[in-house]
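This report describes the fold, the ligand surroundings and selected residues of one protein chain. The sequence and structure are shown first.

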Amino acid sequence: MKELVIISGKGGTGKTSIAAAFASLAQNSVIADCDVDAADLHLVLSPTIRKRSDFSGGKKAFIHTDKCIGCGVCLSHCRFGAVVQDDNADETASGLKDCENCEHCKRSCSVRDRTLIREMQQSMGLAGSTIFRIDSFACQGCKVCVEFCPVNAIDFRLVVNGEWFISDTRFGPMVHAKLGIAEENSGKLVTLIRKEAKKIAEEQNKDLIIIDGSPGIGCPVIASITGADLVLVVTEPTLSGKHDLERVAKLTSNFKIKTLVCINKADINPEMSGIIEQQAAELGLKVIGKIPYDEAFTKAQLMKAALIEYTDCEIAEKIKTIWQKILYEFA
Ligand code: SF4
Ligand code: SF4
């Protein structure tokens, strides 16, 4: 079983349309949408979800307001601005009790005296509410606040960052996901999707996994390509396309993965297409196709159709030829 990953240096090059077209051409494949930060292959393939699971990428801090004494130590130690002093919260709901002058604090725990807490806060340059909470979007899960909280009021909990799905499509099984807004750990989610796609491929004797990878060269891309058999970089004839191709080529070369290039919208700037072809040759990459600009790309997406289903015009033929060249590489 082989893994083909379609990536691009940046978004908007037509990567997903090409991945969907390949899915429609493949005879016996599993489709994996690893572009989890902006998944959109499902818009074309209209999957029917068979299994839905939560994705938990890691742990984040959580303050127990009933235990918190409002000392502000967590706020002063968090480097990510994830501890928020909540001026609108009801202070009576916190673990911090009003002083009743029992003087118990002098003999034991001084931190339960609101006056002393205020003094402590002021000495740290804090003022305002004694209610603190964690902004889970900003929390990086470094656990520093947990270590420094004097009364163990901070928990470190697994959080649900998104969902992943096993689905059926008209072209075969598909594994895909939906990451929550501003959630991280997309690399971990990509690894999970690839693992599940591989499991399905083995169970159903599929000979190929078609992976729609993320744009860029970050963690989710690395997770998409590591150990894959072949990478197809979809680029376009622009200066940024040229620059991005160089970055992506360095990445795939570091991971020693065979890499091919396809130039989409090649005719919008023939001169730059030529420069990119030359650059690819210098980088040791084979350009296996140049696709002209065609509105059919967008129209097919709007019709929720793979390009090959939507049209049999020149670009469909170009993509079929690219597909044959990819199969040849696997032979
Ligand atoms: S775990 Fe780290 S990032 Fe999150 S609130 Fe605590 S100190 Fe800040
Ligand atoms: S360090 Fe602990 S007790 Fe102090 S404000 Fe933060 S959560 Fe509350």
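## Terms and confidence

Two residues are taken to be in contact if their C-beta atoms, placed from the backbone, lie within 7 Å. On that basis, the cover over the buried residues of helix 7 includes strand 2, strand 3 (48-55), strand 8 (162-169), strand 9 (172-179), strand 10 (208-215) and helix 8 (219-225).

The model is predicted. Its chain has a mean pLDDT of 87, with 86% of the residues at 70 or more. Among the elements, strand 2 (residues 29-33) has the highest mean pLDDT, 96, whereas helix 4 (residues 104-107) has the lowest, 50.

## Overall architecture

The chain contains 13 helices and 13 strands. Of its 331 residues, 44% are buried.

## Nonpolar cores

The largest nonpolar core has 73 residues, of which Ala23, Ile193, Ile210, Leu307 and Ile319 touch the most other members. Helix 1 (residues 15-25) is the greatest contributor to this core, supplying seven residues. A second, separate core has 17 residues, among them Ala61, Ile69, Ala153 and Ile154.

Leucine 307 illustrates the packing of the largest core. Apart from neighbours within four places in sequence, leucine 307 contacts Ser17, Ala21, Ala296, Phe297, Ala300, Ile315, Ala316 and Ile319.

Helix 7 (residues 186-203) comprises 18 residues. From its first C-alpha to its last it reaches 26 Å, close to the 26 Å expected at 1.5 Å a residue. Its buried residues are Ser186, Gly187, Leu189, Val190, Leu192, Ile193, Arg194, Glu196, Ala197 and Ala201. Ile193 is also one of the residues that touch the most other members of the largest core.

After helix 7 comes asparagine 205, with a positive phi near 55°. Lysine 206 is in the loop between helix 7 and strand 10. Lysine 206 counts as buried because it has 22 C-beta neighbours inside 10 Å, and 20 or more are required. Not counting residues up to four places away in sequence, lysine 206 touches Met1, Asn28, Ser29, Val30 and Ala201. Lysine 206 and methionine 1 are 205 residues apart along the chain, yet their C-alpha atoms are separated by 6.8 Å.

## Surroundings of the two ligands

Ligand 1 has 14 residues around it, and those that come nearest are Cys78, Ala82, Cys139, Cys142 and Cys145. Its shell consists of ten nonpolar residues, three polar and one charged. Around ligand 2 there are 13 residues, with Cys68, Cys71, Val73, Cys74 and Cys149 coming nearest. The shell of ligand 2 has eleven nonpolar residues, two polar and no charged.

Cysteine 78 lies in the loop between helix 3 (73-77) and strand 5 (83-85). Cysteine 78 is classed as buried because 22 C-beta neighbours lie inside 10 Å. Leaving aside neighbours within four places in sequence, its contacts are Val83, Val144 and Cys145. Cysteine 78 and glutamine 140 are 62 residues apart in sequence, with 9.6 Å between their C-alpha atoms.

## Positive phi values and an exposed helical residue

Most residues other than glycine have a negative phi. Serine 46 is not a glycine, yet its phi is positive, about 40°. Serine 46 is placed in the loop between helix 2 (41-45) and strand 3. Is serine 46 buried or exposed? Serine 46 is exposed, since 11 other C-beta atoms lie within 10 Å and the limit for exposure is 12 or fewer.

Lysine 265 likewise has a positive phi, near 55°, and is found in the loop between strand 12 (258-264) and helix 10 (270-282). Lysine 265 is buried, because 21 other C-beta atoms lie within 10 Å. Leucine 302 belongs to helix 11 (residues 296-302) and counts as exposed, because it has 10 C-beta neighbours inside 10 Å. The C-alpha atoms of leucine 302 and valine 44 are separated by 8.2 Å, although the two residues are 258 residues apart along the chain.

Note on methods. Residues numbered from 1 in each chain as written. Chains lettered and ligands numbered in written order. Predicted model: local features only at pLDDT ≥ 70, side-chain atom pairs only at ≥ 80, totals over all residues. Near = placed C-beta within 6 Å. Nonpolar A, V, L, I, M, F, W, Y, C, P; charged D, E, K, R; others polar. Core = buried A, V, L, I, M, F, W, Y, C linked by C-beta atoms within 7 Å. Helix = DSSP H or I, 4+ residues; strand = E, 2+ residues; numbered from the N terminus. pLDDT = per-residue confidence, 0-100. Expected span 1.5 Å × (residues − 1).
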